[in-house]
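Me: Please take a close look at the aromatic rings in this model. How are they paired, and how well covered are they?

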Amino acid sequence: MNFWKNIFLLFVAPQLGWQEIGKYNVPKDALLSKMFFPMLAVLALSNVASFFYLSGTSISSFLQKVIVDVGVYFFGYMLSTYLLVMINSKHIDNDKKKLNDVYQFVIYSYAMLMALTIVENLLPDNLIDVFIILPLYLVYVIWRGYGFIAPKMSEQHFVLTFALSIMAPYLLLSKMLELLIV
C-alpha cells in the first residue's frame with residue numbers, strides 16, 4: 001500500500017482515494033509511523049524555505065513557526081480522534097475494524113491538511129492567498145469518504161460530525177497557538 005499515492009488520490013479523486021484506502025486494513029500504528037510522523041518532519045523542514053525569501057526571519061520566529069505547525073497537527077490529530085471515537089462510540093460497538101477506520105480517516109484527513117501546509121510553507125507569501133480556501137476542500141473529501149466509514153447515521157449527520165471533529169480542532173489549535181506566539 002502506497003500512502004503517498006493515496007493522499008494524491010484523495011486530492012484528485014476523493015471517492016476513488018477512499019476506495020483505495022478501504023481495500024487495506026492498515027493498522028493505526030503503521031500509518032502513524034510510516035506516513036503521519038514523517039510528514040510532520042517534512043512539515044517542520046518546510047519552514048526552512050522562509051529563510052530564502054523572507055529577509056527578516058529570525059531563528060526564534062522559525063522555531064516558533066515549527067512548534068506551532070507540529071503542535072497543531074499532532075494535538076489536532078489526538079483531539080479529533082478522541083472526539084470521533086466518543087461521538088461514534090455507539091456506532092463502533094468495540095469493533096476493531098471500525099475503530100481503525102476512524103483512525104485512518106482522521107490520519108488521512110490531517111495528512112491532506114499537512115500537505116497543503118507544506119506547499120504553503122514552500123511558496124512565498126504573495127502566492128498563498130488561494131490556500132485560505134483549500135481547507136474547505138477537505139469537507140468535500142470528508143463527504144466523499146462516507147462509504148469508507150459506512151456509519152449507521154445519515155450522510156448529512158456524518159459530514160457534519162466528521163467535518164466539525166476534524167476541522168474545528170485544527171482551526172482552534174492553529175489560532176490559539178498563533179496567539180500565544182505573537
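Reply: **Aromatic pairs and their surroundings**

Phe-74 is partly exposed, at 28% relative accessible area (buried is under 20%, exposed over 50% and partly exposed in between, with a 1.4 Å probe and protein chains only). The model is predicted, so local features need pLDDT of at least 70 and side-chain atom pairs count only at pLDDT 80 or more, while totals for chains, interfaces and linings use all residues. Residues are numbered from 1 along each chain as its sequence is written, and side-chain values use heavy atoms, leaving out hydrogens and water.

Across the whole structure there are eleven aromatic pairs (rings of Phe, Tyr and Trp, the last by its six-membered ring, with centres within 6.5 Å; planes under 30 degrees apart are stacked, over 60 edge-to-face, the rest tilted). One of them joins Phe-36 and Tyr-77: the centres are 5.2 Å apart and the planes at 45°, so this pair is tilted. Phe-36 belongs to helix α3 (residues 28-46) and Tyr-77 to helix α5 (residues 59-87), so the contact ties together parts 41 residues apart in sequence (a helix is a DSSP run of H or I, at least four residues, numbered from the N terminus). Phe-36 is buried at 0% relative accessible area, and Tyr-77 is also buried, at 6%.

Phe-37 and Phe-74 make a tilted pair, 6.4 Å centre to centre with 35° between the planes. This pair links helix α3, through Phe-37, with helix α5, through Phe-74, across 37 residues. Phe-37 is partly exposed, at 38%. Ring pairs join Phe-36, Phe-37, Phe-74, Phe-75 and Tyr-77 into a cluster.

Definitions and conventions
Helix = DSSP H or I, 4+ residues; strand = E, 2+ residues; numbered from the N terminus.
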